[in-house]
Amino acid sequence: MITKINITKQDKFFKKEQEFFSSYKKKFVNELTKILLENRDEPFVTDELNIANNFYDALFDFNKDCYEYQLLSLDVLNKNGLKFQYIFASLTQHLIADFIEYKKSNSSKSVITLIQLCANLQNKLVEMLSSKQDITFDIAPTLEKKQSVGYLRDISRLKEKIKLIAHLRSQTITQEIETVQIGKNSIVVKTSSEQIKILKENTNSFIFLDRIDKKYFGTTAKILCEKDGTVILENINTLETRLFLNNRRYERASVVDKSLIYISNDKEHITGNLIDISEGGIGVLSPSKSHFEKGQDIIAFVSYEDSDKKLNLNFETSGILTSVIGKEHAFRYGIALELSSEKKKLVHDLVQSINKNP
């Protein structure tokens, strides 16, 4: 049933009228939130505003995938003796009325289409809420997937390790994740409670594929169900990692976690974590967009500690920004370091230790 809902919401009407659905969202969400608050099952346990936002996106946002959890949260209305179909019908009646006002003249054909689509969604919703169905792994098998989503789907089939990197200013947690579901534009994964806490504060994160030919993806994370640790990863974009620092004269080591980086100039600073290090430079992942430009002088503070392998490196040095690659919420900074002979020796020893004990 969830597949049928995803197919229905891919109707070109939703794409054509994206401006209306975007502008109407606040009104719909406020109305549904009020209903949920009046019929809450357990006081102060659920986030009704978040439920309402997810519900609207799941049904009316052409660029968002629809997952079971976003809809099943509304089942509380059925449990409280209300008929969900009547509530949904009331909500969509108001939506249709506002759409007529929005279109003004020349609206009859569009309104008929909207009424038919809302009725179709309502029938599928009622059917889904009234029956217990197994969760479908691929919720949109007949729809063309975003390239990065299709790639991650194939990786999950090969049972290769995928890691999620959640970063805050003072903490980075890397966790091996399980792919729970695949959509058209996103994936659902299961992660740890520690990462969930970080993602509550910062939705920007990274995906790391633990392969010989390593790949990184920048992504935004939206908590789907905190109780079972499921998260929707959206806006997934590949981050280039094969950048040349000093023509790669030095052996480098790949690093996933256990690091903290500060990059600053006289105007701003950002934090991130290492993805690779050599005597010539470092690669840094950060969710922070900056005004840094290629060729700028910066100061970098590098901290890497792995107590299990007894590896430790902390130093501050100047450097030159060699590259900035990223989209909106995830950035890859390449930095050529200016190291003293003593610091080069420390970095050289660290690289050798990491590469000998991967």
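**Figure 1. Helix 4 against helix 8 in the predicted model.** On the helix 4 side the meeting residues are Phe 55, Leu 59 and Phe 60, and on the helix 8 side they are Cys 118, Leu 121 and Leu 125. Sorted by class, the contact of helix 4 with helix 8 holds six nonpolar residues, with no polar and no charged residues.

**Figure 2. Helix 7 alongside helix 8.** The axes of helix 7 (residues 84-103) and helix 8 come within 10 Å, and their crossing angle is roughly 160 degrees, which makes helix 7 roughly antiparallel to helix 8. Here, too, the crossing is described by its hand, and helix 7 passes helix 8 in a right-handed crossing. Helix 7 contributes Phe 84, Gln 85, Phe 88, Ala 89, Thr 92, Leu 95, Ile 96, Phe 99, Ile 100 and Lys 103 to the contact, while helix 8 contributes Ser 110, Val 111, Leu 114, Ile 115, Cys 118, Gln 122, Leu 125, Val 126 and Leu 129. By class, the contact of helix 7 with helix 8 has 14 nonpolar residues, four polar residues and one charged residue.

**Figure 3. Helix 4 packed on helix 7.** Helix 4 and helix 7 pack at an angle of about 70 degrees with their axes 14 Å apart, and helix 4 and helix 7 are therefore roughly perpendicular to each other. Phe 55, Tyr 56, Leu 59 and Phe 60 of helix 4 make this contact with Phe 84, Phe 88 and Leu 95 of helix 7. The contact of helix 4 with helix 7 has seven nonpolar residues, and it has no polar and no charged residues.

Figure 4. Thr 33 is found in helix 3 (residues 18-38) and is buried, with a relative accessible area of 10%. Once its neighbours within four places in sequence are left aside, Thr 33 is in contact with Glu 48, Leu 49 and Ala 52. Asn 50 lies 17 residues from Thr 33 along the chain, and the C-alpha atoms of these two residues are separated by 8.6 Å.

Figure 5. Phe 137 is found in the loop between helix 8 and helix 9 (147-157), and at 36% relative accessibility Phe 137 counts as partly exposed. Apart from its neighbours within four places in sequence, the residues in contact with Phe 137 are Ser 156, Thr 179, Val 180, Gln 181 and Ile 182. Although Phe 137 and Thr 179 are 42 residues apart along the chain, their C-alpha atoms are separated by 8.9 Å.

**Figure 6. Backbone of Asn 235 in strand 7.** Most residues other than glycine have a negative phi. Asn 235, which is not a glycine, has a positive phi of about 50 degrees. Asn 235 lies in strand 7 (residues 230-239), and at 35% relative accessibility Asn 235 counts as partly exposed.

**Figure 7. His 291 in the loop between strand 11 and strand 12****.** His 291 is placed in the loop that runs between strand 11 (281-286) and strand 12 (297-306), and His 291 is exposed, with a relative accessible area of 69%. Leaving aside neighbours within four places in sequence, His 291 is in contact with Glu 268 and Gln 296. The C-alpha atoms of His 291 and Glu 268, which are 23 residues apart along the chain, are separated by 8.1 Å.

**Figure 8. Cysteines and the chain as a whole.** The structure holds zero disulfides. At 0% relative accessibility Cys 66 counts as buried, and Cys 225, at 15% relative accessibility, counts as buried as well. The protein chain has 11 helices and 14 strands, and buried residues make up 52% of its 358 residues. Among contacts in the protein chain with a separation of 6 or more, 65% are accounted for by residues 24 or more positions apart.

Definitions and conventions. Residues numbered from 1 in each chain as written. Predicted model: local features only at pLDDT ≥ 70, side-chain atom pairs only at ≥ 80, totals over all residues. Heavy atoms only, no water. Contact = heavy atoms within 4.5 Å. Helix = DSSP H or I, 4+ residues; strand = E, 2+ residues; numbered from the N terminus. Nonpolar A, V, L, I, M, F, W, Y, C, P; charged D, E, K, R; others polar. Axes fitted to C-alpha atoms, helices over the stretch in contact; angles between N-to-C directions. Parallel < 35°, antiparallel > 145°, perpendicular 65-115°, else oblique. Left-handed = near helix turned anticlockwise from the far one by under 90°. Disulfide = S-S within 2.5 Å. Buried < 20%, exposed > 50% of the residue type's maximum accessible area, 1.4 Å probe, protein only.
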